[in-house]
Amino acid sequence: MITGIGFSHASDTTRLDSTQVKKLDSLALLQKLKEHYSPISSFTDGFYSNPAMKYHSRNYALTEFNLGYNENKQGRYQLQQGDGGQRFGFDTKAFLKHKDKDALWGSAGYSNGKRKNVMWNESSDYAIVAPYVMADTVGGDLSYEEYSFSGGYGIQLGKTMLGISGKYRALLEYRDIDPRPKNVVSDLEFEFGAARALNQKYQLSFGLSARKYTQENLVKFYSLVGAPLVYHMTGLGTDNKLIAGNKTNTYYNGGGYGLQLQLAPKDKIGLFTNLEYRNFSFEKTILDLQALPVSELKSKLWKGELAYLLGDQERQYGLKLAASNEQRSGIEAKFDNRGQDNYVLISKNKNYLNQQSDFRLTGIYNVQNQKALSWQVLADIGYSADKTEYVDPARSMDFAAISGGLNVGISSQMGKSLLQANVGGRLSKNTNATRSWSDLKTSSEVYRMLENNYAYHISDYQQLNLSARWNYPLKNGLGISLKSTYSYTAFDSKYNGNQFLLTGGVTF
(Lines give C-alpha, C1' and ligand atoms only; values in the text may rest on other atoms or scores of the structure.)
Protein backbone atom coordinates (compact mmCIF):
# COMPACT_ATOMS: atom_id res chain seq x y z
CA MET A 1 0.00 0.00 0.00
CA ILE A 2 1.22 3.50 -0.80
CA THR A 3 1.41 5.72 2.26
CA GLY A 4 2.76 9.16 2.99
CA ILE A 5 3.47 10.06 -0.63
CA GLY A 6 1.45 13.25 -0.35
CA PHE A 7 3.88 14.50 2.32
CA SER A 8 7.19 13.57 0.64
CA HIS A 9 9.92 16.24 0.75
CA ALA A 10 11.89 17.29 -2.28
CA SER A 11 14.99 15.63 -0.88
CA ASP A 12 13.21 12.27 -0.88
CA THR A 13 13.24 12.15 -4.70
CA THR A 14 16.80 13.30 -5.43
CA ARG A 15 17.94 9.73 -6.08
CA LEU A 16 15.06 8.94 -8.46
CA ASP A 17 15.07 9.47 -12.20
CA SER A 18 12.37 11.54 -13.94
CA THR A 19 10.28 8.47 -14.87
CA GLN A 20 10.17 7.29 -11.27
CA VAL A 21 9.24 10.77 -10.05
CA LYS A 22 6.35 10.99 -12.54
CA LYS A 23 5.15 7.55 -11.44
CA LEU A 24 5.22 8.59 -7.79
CA ASP A 25 3.33 11.81 -8.61
CA SER A 26 0.66 9.80 -10.44
CA LEU A 27 0.31 7.28 -7.62
CA ALA A 28 0.11 10.08 -5.04
CA LEU A 29 -2.72 11.82 -6.91
CA LEU A 30 -4.68 8.60 -7.37
CA GLN A 31 -4.22 7.82 -3.66
CA LYS A 32 -5.68 11.21 -2.77
CA LEU A 33 -8.65 10.70 -5.09
CA LYS A 34 -9.32 7.21 -3.75
CA GLU A 35 -9.51 8.55 -0.22
CA HIS A 36 -11.56 11.69 -0.93
CA TYR A 37 -14.13 9.78 -3.02
CA SER A 38 -14.17 6.50 -1.15
CA PRO A 39 -17.58 5.25 0.08
CA ILE A 40 -16.25 5.20 3.64
CA SER A 41 -15.49 8.91 3.46
CA SER A 42 -19.03 9.62 2.24
CA PHE A 43 -20.46 7.32 4.91
CA THR A 44 -18.65 9.10 7.77
CA ASP A 45 -18.40 12.74 6.60
CA GLY A 46 -21.37 13.83 8.70
CA PHE A 47 -19.50 12.90 11.88
CA TYR A 48 -16.60 15.23 11.01
CA SER A 49 -18.65 18.31 10.06
CA ASN A 50 -17.58 20.23 13.17
CA PRO A 51 -14.65 22.47 12.11
CA ALA A 52 -12.63 21.13 15.05
CA MET A 53 -13.10 17.58 13.70
CA LYS A 54 -12.46 18.35 10.03
CA TYR A 55 -8.74 17.63 10.51
CA HIS A 56 -9.52 13.92 10.88
CA SER A 57 -11.89 13.70 7.88
CA ARG A 58 -9.03 13.15 5.39
CA ASN A 59 -5.37 12.11 5.50
CA TYR A 60 -4.40 13.62 2.14
CA ALA A 61 -4.62 17.11 0.70
CA LEU A 62 -6.56 17.63 -2.53
CA THR A 63 -7.56 20.62 -4.66
CA GLU A 64 -10.13 20.52 -7.47
CA PHE A 65 -11.64 22.81 -10.09
CA ASN A 66 -14.74 21.63 -11.96
CA LEU A 67 -17.04 22.83 -14.73
CA GLY A 68 -20.48 21.25 -15.01
CA TYR A 69 -23.85 21.19 -16.73
CA ASN A 70 -27.03 19.81 -15.21
CA GLU A 71 -30.47 19.29 -16.75
CA ASN A 72 -33.58 17.70 -15.26
CA LYS A 73 -37.25 17.26 -16.07
CA GLN A 74 -39.85 15.85 -13.67
CA GLY A 75 -43.33 14.62 -14.57
CA ARG A 76 -44.51 14.71 -10.95
CA TYR A 77 -43.54 17.84 -9.04
CA GLN A 78 -44.59 20.47 -6.53
CA LEU A 79 -45.88 23.46 -8.48
CA GLN A 80 -44.05 25.99 -6.30
CA GLN A 81 -40.71 24.30 -7.09
CA GLY A 82 -41.13 23.90 -10.84
CA ASP A 83 -40.84 20.81 -13.04
CA GLY A 84 -37.08 20.90 -13.54
CA GLY A 85 -34.55 23.15 -15.17
CA GLN A 86 -31.02 23.49 -16.37
CA ARG A 87 -27.83 24.83 -14.81
CA PHE A 88 -24.28 25.62 -15.84
CA GLY A 89 -21.67 26.29 -13.19
CA PHE A 90 -18.17 25.92 -11.89
CA ASP A 91 -16.68 25.38 -8.47
CA THR A 92 -13.33 24.95 -6.80
CA LYS A 93 -12.56 23.32 -3.47
CA ALA A 94 -9.45 22.51 -1.51
CA PHE A 95 -8.41 20.60 1.59
CA LEU A 96 -4.90 21.15 2.96
CA LYS A 97 -3.40 19.42 5.98
CA HIS A 98 -0.19 19.53 7.99
CA LYS A 99 0.18 16.36 10.02
CA ASP A 100 -0.07 16.86 13.81
CA LYS A 101 -0.57 20.60 13.28
CA ASP A 102 -3.55 22.03 11.41
CA ALA A 103 -5.93 21.82 8.44
CA LEU A 104 -7.29 24.44 6.04
CA TRP A 105 -10.20 24.02 3.63
CA GLY A 106 -12.37 26.16 1.39
CA SER A 107 -14.62 26.30 -1.67
CA ALA A 108 -16.12 28.77 -4.13
CA GLY A 109 -18.79 28.28 -6.76
CA TYR A 110 -20.96 29.98 -9.34
CA SER A 111 -24.16 28.75 -11.00
CA ASN A 112 -26.24 30.21 -13.81
CA GLY A 113 -29.48 28.45 -14.54
CA LYS A 114 -33.22 28.37 -14.93
CA ARG A 115 -36.07 26.80 -12.94
CA LYS A 116 -38.90 25.93 -15.29
CA ASN A 117 -42.67 26.22 -14.92
CA VAL A 118 -42.68 27.62 -11.39
CA MET A 119 -46.29 28.26 -10.32
CA TRP A 120 -47.92 29.79 -7.25
CA ASN A 121 -44.59 31.14 -6.04
CA GLU A 122 -42.71 34.36 -6.86
CA SER A 123 -40.29 34.08 -3.91
CA SER A 124 -36.91 32.35 -3.78
CA ASP A 125 -35.75 29.57 -1.44
CA TYR A 126 -39.18 27.97 -1.15
CA ALA A 127 -37.92 25.27 1.21
CA ILE A 128 -36.80 27.99 3.64
CA VAL A 129 -39.58 30.61 3.52
CA ALA A 130 -42.62 28.39 2.76
CA PRO A 131 -45.49 28.79 3.19
CA TYR A 132 -45.11 32.60 3.36
CA VAL A 133 -44.42 33.30 -0.31
CA MET A 134 -45.82 35.79 -2.79
CA ALA A 135 -47.80 34.06 -5.51
CA ASP A 136 -49.95 34.52 -8.59
CA THR A 137 -51.69 32.23 -11.05
CA VAL A 138 -49.40 33.03 -13.99
CA GLY A 139 -45.89 31.97 -12.96
CA GLY A 140 -43.33 30.82 -15.52
CA ASP A 141 -39.62 30.11 -15.84
CA LEU A 142 -37.23 31.76 -13.38
CA SER A 143 -33.60 32.56 -14.24
CA TYR A 144 -31.00 32.76 -11.50
CA GLU A 145 -27.38 33.37 -10.64
CA GLU A 146 -25.94 31.95 -7.45
CA TYR A 147 -22.58 32.51 -5.76
CA SER A 148 -21.24 30.51 -2.83
CA PHE A 149 -18.11 30.68 -0.69
CA SER A 150 -16.95 28.65 2.30
CA GLY A 151 -13.81 28.10 4.28
CA GLY A 152 -12.45 26.90 7.58
CA TYR A 153 -9.39 26.39 9.70
CA GLY A 154 -8.63 23.85 12.43
CA ILE A 155 -5.55 23.80 14.63
CA GLN A 156 -4.24 21.18 17.02
CA LEU A 157 -3.03 22.34 20.46
CA GLY A 158 -1.89 19.28 22.36
CA LYS A 159 -4.95 17.15 23.02
CA THR A 160 -7.28 19.97 21.97
CA MET A 161 -8.44 20.93 18.47
CA LEU A 162 -10.01 24.32 17.78
CA GLY A 163 -11.81 25.18 14.57
CA ILE A 164 -13.79 27.91 12.84
CA SER A 165 -15.67 27.83 9.54
CA GLY A 166 -17.96 30.07 7.56
CA LYS A 167 -20.09 29.93 4.45
CA TYR A 168 -21.94 32.50 2.40
CA ARG A 169 -24.50 32.19 -0.40
CA ALA A 170 -25.85 34.97 -2.60
CA LEU A 171 -28.74 34.39 -5.01
CA LEU A 172 -30.28 36.62 -7.66
CA GLU A 173 -33.47 35.26 -9.22
CA TYR A 174 -35.58 37.01 -11.84
CA ARG A 175 -37.96 36.79 -14.83
CA ASP A 176 -37.88 39.04 -17.90
CA ILE A 177 -41.62 38.91 -18.66
CA ASP A 178 -44.64 39.64 -16.46
CA PRO A 179 -44.83 38.81 -13.61
CA ARG A 180 -41.25 40.05 -13.08
CA PRO A 181 -39.83 39.09 -9.69
CA LYS A 182 -36.40 40.30 -8.70
CA ASN A 183 -35.24 38.43 -5.62
CA VAL A 184 -31.94 38.97 -3.81
CA VAL A 185 -30.93 36.45 -1.15
CA SER A 186 -28.08 36.65 1.35
CA ASP A 187 -27.37 33.64 3.58
CA LEU A 188 -24.40 33.74 5.98
CA GLU A 189 -23.38 31.19 8.62
CA PHE A 190 -20.44 30.81 11.00
CA GLU A 191 -19.53 27.81 13.14
CA PHE A 192 -17.08 27.49 16.03
CA GLY A 193 -15.88 24.16 17.36
CA ALA A 194 -13.66 22.62 20.01
CA ALA A 195 -12.57 18.98 20.26
CA ARG A 196 -10.71 17.04 22.92
CA ALA A 197 -8.87 13.75 22.61
CA LEU A 198 -10.39 11.25 25.06
CA ASN A 199 -7.64 8.73 24.36
CA GLN A 200 -5.43 7.65 21.46
CA LYS A 201 -8.49 6.73 19.35
CA TYR A 202 -11.49 9.00 20.02
CA GLN A 203 -12.23 12.71 19.80
CA LEU A 204 -15.21 14.41 21.46
CA SER A 205 -16.28 17.77 20.01
CA PHE A 206 -18.77 20.55 20.64
CA GLY A 207 -19.94 23.06 18.02
CA LEU A 208 -21.87 26.31 18.05
CA SER A 209 -23.20 28.01 14.91
CA ALA A 210 -24.92 31.30 14.07
CA ARG A 211 -26.85 32.17 10.90
CA LYS A 212 -28.20 35.33 9.27
CA TYR A 213 -30.67 35.18 6.36
CA THR A 214 -32.34 37.92 4.31
CA GLN A 215 -34.36 38.03 1.10
CA GLU A 216 -35.61 41.03 -0.85
CA ASN A 217 -38.66 39.89 -2.83
CA LEU A 218 -40.05 42.41 -5.34
CA VAL A 219 -42.52 41.73 -8.18
CA LYS A 220 -43.24 44.23 -10.98
CA PHE A 221 -45.61 44.35 -13.94
CA TYR A 222 -44.92 46.31 -17.13
CA SER A 223 -48.00 45.30 -19.13
CA LEU A 224 -50.38 48.12 -20.04
CA VAL A 225 -53.44 45.87 -20.12
CA GLY A 226 -53.48 44.93 -16.44
CA ALA A 227 -51.82 42.55 -14.01
CA PRO A 228 -52.90 39.41 -12.16
CA LEU A 229 -53.75 39.51 -8.48
CA VAL A 230 -50.78 38.94 -6.18
CA TYR A 231 -51.41 36.76 -3.13
CA HIS A 232 -49.48 36.52 0.13
CA MET A 233 -49.81 32.81 0.86
CA THR A 234 -50.12 31.49 4.42
CA GLY A 235 -50.29 27.69 4.04
CA LEU A 236 -52.29 24.95 2.30
CA GLY A 237 -53.68 27.36 -0.27
CA THR A 238 -54.77 30.05 2.18
CA ASP A 239 -53.68 33.69 1.83
CA ASN A 240 -53.83 36.97 3.68
CA LYS A 241 -56.80 38.54 1.89
CA LEU A 242 -56.38 41.94 3.54
CA ILE A 243 -53.12 42.61 1.68
CA ALA A 244 -53.83 40.73 -1.56
CA GLY A 245 -53.65 42.81 -4.71
CA ASN A 246 -50.79 45.18 -5.52
CA LYS A 247 -48.61 44.86 -2.40
CA THR A 248 -45.60 43.32 -4.15
CA ASN A 249 -42.56 44.51 -2.18
CA THR A 250 -41.65 42.17 0.67
CA TYR A 251 -38.66 41.44 2.85
CA TYR A 252 -37.63 38.35 4.81
CA ASN A 253 -35.32 38.88 7.78
CA GLY A 254 -34.22 35.83 9.73
CA GLY A 255 -31.52 34.11 11.69
CA GLY A 256 -30.80 31.26 14.00
CA TYR A 257 -28.28 29.18 15.88
CA GLY A 258 -27.22 25.57 16.22
CA LEU A 259 -25.62 23.23 18.73
CA GLN A 260 -23.71 20.06 17.92
CA LEU A 261 -22.03 17.25 19.87
CA GLN A 262 -19.90 14.64 18.08
CA LEU A 263 -17.83 11.60 18.97
CA ALA A 264 -15.66 10.04 16.25
CA PRO A 265 -12.52 7.91 15.95
CA LYS A 266 -9.41 9.37 14.34
CA ASP A 267 -9.02 6.39 11.98
CA LYS A 268 -12.72 6.01 10.99
CA ILE A 269 -12.97 2.58 12.61
CA GLY A 270 -15.18 2.29 15.70
CA LEU A 271 -18.11 4.16 17.20
CA PHE A 272 -19.55 7.41 15.76
CA THR A 273 -22.23 9.66 17.27
CA ASN A 274 -23.71 12.98 16.22
CA LEU A 275 -26.36 15.01 18.07
CA GLU A 276 -27.55 18.26 16.55
CA TYR A 277 -30.10 20.99 17.22
CA ARG A 278 -30.92 23.86 14.83
CA ASN A 279 -33.18 26.81 15.59
CA PHE A 280 -34.18 29.19 12.79
CA SER A 281 -36.84 31.87 12.40
CA PHE A 282 -37.70 34.75 10.08
CA GLU A 283 -40.18 37.60 9.86
CA LYS A 284 -41.89 38.64 6.64
CA THR A 285 -42.70 42.32 6.21
CA ILE A 286 -44.56 44.29 3.52
CA LEU A 287 -42.38 47.24 2.51
CA ASP A 288 -45.28 48.83 0.60
CA LEU A 289 -46.94 49.36 3.99
CA GLN A 290 -44.04 50.98 5.86
CA ALA A 291 -42.40 47.63 6.69
CA LEU A 292 -45.55 46.11 8.16
CA PRO A 293 -44.74 42.66 9.73
CA VAL A 294 -47.39 40.19 8.57
CA SER A 295 -46.05 36.72 9.45
CA GLU A 296 -43.32 34.87 11.30
CA LEU A 297 -42.05 31.33 10.93
CA LYS A 298 -40.14 29.36 13.58
CA SER A 299 -38.27 26.13 12.85
CA LYS A 300 -36.76 23.65 15.29
CA LEU A 301 -34.70 20.73 13.98
CA TRP A 302 -33.42 17.78 16.02
CA LYS A 303 -31.05 15.27 14.46
CA GLY A 304 -29.25 12.22 15.80
CA GLU A 305 -26.88 9.70 14.19
CA LEU A 306 -25.20 6.58 15.55
CA ALA A 307 -22.81 4.38 13.57
CA TYR A 308 -20.30 1.61 14.10
CA LEU A 309 -17.62 0.52 11.63
CA LEU A 310 -15.39 -2.55 11.81
CA GLY A 311 -12.48 -3.63 9.66
CA ASP A 312 -9.00 -2.56 8.64
CA GLN A 313 -7.37 -0.52 5.87
CA GLU A 314 -8.54 -2.91 3.14
CA ARG A 315 -11.99 -4.02 4.32
CA GLN A 316 -14.68 -2.15 6.26
CA TYR A 317 -18.29 -2.87 7.16
CA GLY A 318 -20.82 -1.24 9.44
CA LEU A 319 -24.23 0.24 10.18
CA LYS A 320 -25.57 3.75 10.66
CA LEU A 321 -28.87 4.74 12.28
CA ALA A 322 -30.15 8.28 11.68
CA ALA A 323 -33.24 10.09 12.91
CA SER A 324 -34.46 13.66 12.41
CA ASN A 325 -37.50 15.73 13.29
CA GLU A 326 -38.30 19.28 12.21
CA GLN A 327 -41.21 21.36 13.46
CA ARG A 328 -42.19 24.52 11.57
CA SER A 329 -44.84 26.79 13.05
CA GLY A 330 -46.26 29.94 11.50
CA ILE A 331 -47.59 32.97 13.37
CA GLU A 332 -49.76 35.44 11.45
CA ALA A 333 -50.83 38.96 12.30
CA LYS A 334 -54.41 40.22 12.05
CA PHE A 335 -55.04 43.88 11.29
CA ASP A 336 -57.84 46.43 11.29
CA ASN A 337 -57.77 48.44 8.06
CA ARG A 338 -58.56 52.03 9.05
CA GLY A 339 -57.93 53.61 5.71
CA GLN A 340 -55.45 53.51 2.85
CA ASP A 341 -52.19 51.98 4.07
CA ASN A 342 -53.32 52.41 7.68
CA TYR A 343 -53.31 49.02 9.42
CA VAL A 344 -53.63 48.52 13.17
CA LEU A 345 -52.48 45.22 14.69
CA ILE A 346 -55.29 43.33 16.44
CA SER A 347 -53.73 39.97 17.31
CA LYS A 348 -51.19 37.30 16.39
CA ASN A 349 -52.29 33.70 15.89
CA LYS A 350 -50.43 30.44 15.34
CA ASN A 351 -52.28 29.11 12.28
CA TYR A 352 -49.70 26.96 10.48
CA LEU A 353 -47.90 23.83 11.66
CA ASN A 354 -45.72 21.44 9.69
CA GLN A 355 -43.84 18.45 11.13
CA GLN A 356 -41.36 16.31 9.18
CA SER A 357 -39.72 13.15 10.52
CA ASP A 358 -37.28 10.67 9.05
CA PHE A 359 -35.75 7.42 10.38
CA ARG A 360 -33.15 5.56 8.36
CA LEU A 361 -30.85 2.54 8.73
CA THR A 362 -27.86 2.32 6.38
CA GLY A 363 -25.38 -0.50 5.94
CA ILE A 364 -22.06 -0.57 4.08
CA TYR A 365 -19.53 -3.19 3.01
CA ASN A 366 -16.38 -1.88 1.36
CA VAL A 367 -13.33 -3.66 -0.07
CA GLN A 368 -10.51 -1.22 -0.85
CA ASN A 369 -7.60 -2.72 -2.79
CA GLN A 370 -4.64 -0.64 -3.88
CA LYS A 371 -3.96 -2.46 -7.16
CA ALA A 372 -6.83 -4.90 -7.72
CA LEU A 373 -10.51 -4.13 -8.18
CA SER A 374 -12.18 -2.33 -5.27
CA TRP A 375 -15.92 -2.57 -4.69
CA GLN A 376 -18.63 -1.67 -2.22
CA VAL A 377 -22.28 -2.30 -1.43
CA LEU A 378 -24.41 0.36 0.27
CA ALA A 379 -28.01 -0.28 1.32
CA ASP A 380 -30.57 1.68 3.33
CA ILE A 381 -34.17 1.46 4.45
CA GLY A 382 -36.21 4.13 6.17
CA TYR A 383 -39.52 5.71 7.08
CA SER A 384 -40.49 9.35 6.51
CA ALA A 385 -43.61 11.26 7.52
CA ASP A 386 -44.94 14.75 6.84
CA LYS A 387 -47.96 16.38 8.50
CA THR A 388 -49.31 19.87 7.79
CA GLU A 389 -52.22 21.60 9.52
CA TYR A 390 -53.87 24.99 9.11
CA VAL A 391 -56.26 26.25 11.79
CA ASP A 392 -58.65 28.71 10.14
CA PRO A 393 -59.96 27.65 7.69
CA ALA A 394 -59.37 24.09 8.86
CA ARG A 395 -57.22 22.26 6.33
CA SER A 396 -54.71 19.42 6.62
CA MET A 397 -52.43 17.13 4.65
CA ASP A 398 -50.72 14.04 6.04
CA PHE A 399 -48.57 11.47 4.24
CA ALA A 400 -45.85 8.91 5.00
CA ALA A 401 -43.70 6.46 3.05
CA ILE A 402 -41.26 3.60 3.41
CA SER A 403 -38.26 3.80 1.11
CA GLY A 404 -35.09 1.86 0.50
CA GLY A 405 -32.14 1.79 -1.81
CA LEU A 406 -29.24 -0.36 -2.96
CA ASN A 407 -26.02 0.92 -4.53
CA VAL A 408 -23.14 -1.12 -5.91
CA GLY A 409 -19.88 0.54 -6.88
CA ILE A 410 -16.55 -0.51 -8.32
CA SER A 411 -13.18 1.21 -8.59
CA SER A 412 -10.20 0.09 -10.61
CA GLN A 413 -6.81 1.47 -11.55
CA MET A 414 -6.21 0.78 -15.24
CA GLY A 415 -2.76 1.92 -16.27
CA LYS A 416 -2.49 5.51 -15.17
CA SER A 417 -6.27 5.98 -15.05
CA LEU A 418 -8.60 5.54 -12.10
CA LEU A 419 -12.12 4.46 -13.07
CA GLN A 420 -15.07 4.53 -10.67
CA ALA A 421 -18.64 3.48 -11.47
CA ASN A 422 -21.85 3.09 -9.49
CA VAL A 423 -25.27 1.66 -10.19
CA GLY A 424 -28.13 2.00 -7.73
CA GLY A 425 -31.86 1.67 -7.35
CA ARG A 426 -34.41 3.15 -4.98
CA LEU A 427 -38.03 2.34 -4.19
CA SER A 428 -40.59 4.36 -2.25
CA LYS A 429 -44.02 3.12 -1.16
CA ASN A 430 -46.66 5.37 0.36
CA THR A 431 -48.11 4.04 3.63
CA ASN A 432 -50.45 6.83 4.67
CA ALA A 433 -52.26 9.59 2.79
CA THR A 434 -55.03 11.89 3.99
CA ARG A 435 -55.99 15.45 3.15
CA SER A 436 -58.83 17.83 3.95
CA TRP A 437 -59.74 21.13 2.27
CA SER A 438 -63.49 20.66 2.10
CA ASP A 439 -64.13 24.42 2.22
CA LEU A 440 -62.80 24.77 -1.35
CA LYS A 441 -64.77 24.35 -4.56
CA THR A 442 -63.37 21.62 -6.79
CA SER A 443 -63.39 24.02 -9.74
CA SER A 444 -61.15 26.60 -8.03
CA GLU A 445 -57.52 27.11 -9.01
CA VAL A 446 -56.40 26.73 -5.40
CA TYR A 447 -58.10 23.34 -5.18
CA ARG A 448 -56.35 22.14 -8.34
CA MET A 449 -53.01 23.38 -7.01
CA LEU A 450 -53.43 21.52 -3.72
CA GLU A 451 -54.55 18.33 -5.45
CA ASN A 452 -51.54 18.42 -7.80
CA ASN A 453 -49.10 18.84 -4.90
CA TYR A 454 -50.86 16.13 -2.90
CA ALA A 455 -50.56 13.69 -5.81
CA TYR A 456 -46.84 14.44 -6.02
CA HIS A 457 -46.24 13.88 -2.30
CA ILE A 458 -48.04 10.53 -2.11
CA SER A 459 -46.69 9.05 -5.35
CA ASP A 460 -44.86 5.74 -5.22
CA TYR A 461 -41.74 5.68 -7.36
CA GLN A 462 -38.86 3.55 -8.59
CA GLN A 463 -35.53 5.16 -9.36
CA LEU A 464 -32.42 4.10 -11.26
CA ASN A 465 -29.13 5.93 -10.62
CA LEU A 466 -25.96 5.59 -12.70
CA SER A 467 -22.63 7.38 -12.32
CA ALA A 468 -19.09 7.09 -13.63
CA ARG A 469 -15.89 9.01 -12.96
CA TRP A 470 -12.57 8.94 -14.82
CA ASN A 471 -9.35 10.40 -13.41
CA TYR A 472 -6.07 10.69 -15.29
CA PRO A 473 -2.83 12.06 -13.76
CA LEU A 474 -0.62 14.36 -15.81
CA LYS A 475 2.70 15.91 -14.76
CA ASN A 476 3.83 17.37 -11.43
CA GLY A 477 0.90 15.97 -9.44
CA LEU A 478 -1.69 17.51 -11.77
CA GLY A 479 -4.60 15.50 -13.15
CA ILE A 480 -7.85 15.76 -15.09
CA SER A 481 -11.24 14.23 -14.33
CA LEU A 482 -14.56 13.61 -16.05
CA LYS A 483 -17.78 12.63 -14.28
CA SER A 484 -21.28 11.84 -15.48
CA THR A 485 -24.44 10.90 -13.59
CA TYR A 486 -27.91 9.95 -14.79
CA SER A 487 -31.09 9.37 -12.82
CA TYR A 488 -34.43 8.02 -14.07
CA THR A 489 -37.56 8.07 -11.90
CA ALA A 490 -40.78 6.21 -12.70
CA PHE A 491 -43.77 7.34 -10.65
CA ASP A 492 -46.89 5.30 -9.88
CA SER A 493 -48.63 6.42 -13.07
CA LYS A 494 -47.61 7.59 -16.53
CA TYR A 495 -45.24 10.22 -15.12
CA ASN A 496 -41.46 9.96 -15.06
CA GLY A 497 -38.40 12.09 -14.46
CA ASN A 498 -34.91 12.37 -15.91
CA GLN A 499 -31.80 14.07 -14.56
CA PHE A 500 -28.39 14.32 -16.21
CA LEU A 501 -25.12 15.81 -14.97
CA LEU A 502 -21.76 16.15 -16.72
CA THR A 503 -18.68 17.71 -15.14
CA GLY A 504 -15.03 17.99 -16.08
CA GLY A 505 -12.19 19.29 -13.98
CA VAL A 506 -8.60 19.56 -12.87
CA THR A 507 -7.19 17.98 -9.69
CA PHE A 508 -3.91 18.34 -7.83
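Phe491 counts as buried, at 10% relative accessibility; buried means under 20% relative accessible area, exposed over 50% and partly exposed in between (1.4 Å probe, protein chains only). This is a predicted model, in which local features need pLDDT of at least 70 and side-chain atom pairs count only at pLDDT 80 or more, while totals for chains, interfaces and linings use all residues. Residues are numbered from 1 along each chain as its sequence is written, and side-chain values use heavy atoms, with hydrogens and water left out.

The structure holds 18 aromatic pairs, where rings of Phe, Tyr and Trp (its six-membered ring) pair if their centres lie within 6.5 Å, and planes under 30 degrees apart count as stacked, over 60 as edge-to-face and the rest as tilted. One of them joins Phe335 to Tyr343, edge-to-face at 6.3 Å centre to centre with 80 degrees between the planes, and both of these residues are buried. Phe491 also belongs to such a pair: its ring centre is 6.5 Å from that of Tyr461 and the planes stand at 65 degrees, so the pair is edge-to-face. Because Tyr461 lies in strand β19 (residues 461-473) and Phe491 in strand β20 (residues 479-491), the pair ties together parts that are 30 residues apart in sequence; helices (H or I, at least four residues) and strands (E, at least two) are DSSP runs, numbered from the N terminus. Elsewhere, ring pairs link Phe65, Phe90, Tyr110 and Tyr147 into a cluster.

Strand β12 (residues 270-286) pairs with strand β13 (residues 292-311) in the antiparallel sense over 17 bridges, strands being paired if DSSP finds at least two bridges between them. These two form a hairpin with five residues between them, and Gln290 in the turn has a positive phi of about 55 degrees. Strand β13 is also joined by 17 bridges to the antiparallel strand β14 (residues 315-337), in a hairpin with three residues between the strands.

Asp187 forms one with Arg211, the closest N and O atoms being 2.9 Å apart; Asp187 lies in strand β7 (residues 180-197) and Arg211 in strand β8 (residues 202-220), so the pair ties together parts 24 residues apart in sequence. Asp187 is buried, with a relative accessible area of 10%, whereas Arg211 counts as partly exposed at 24%. The charged end of Arg211 also sits over the ring of Phe280, 4.5 Å from its centre, the rule being NZ of Lys or CZ of Arg within 6 Å of the ring centre and within 35 degrees of the ring normal.

Key. Salt bridge = Lys/Arg side-chain N within 4 Å of Asp/Glu carboxyl O.
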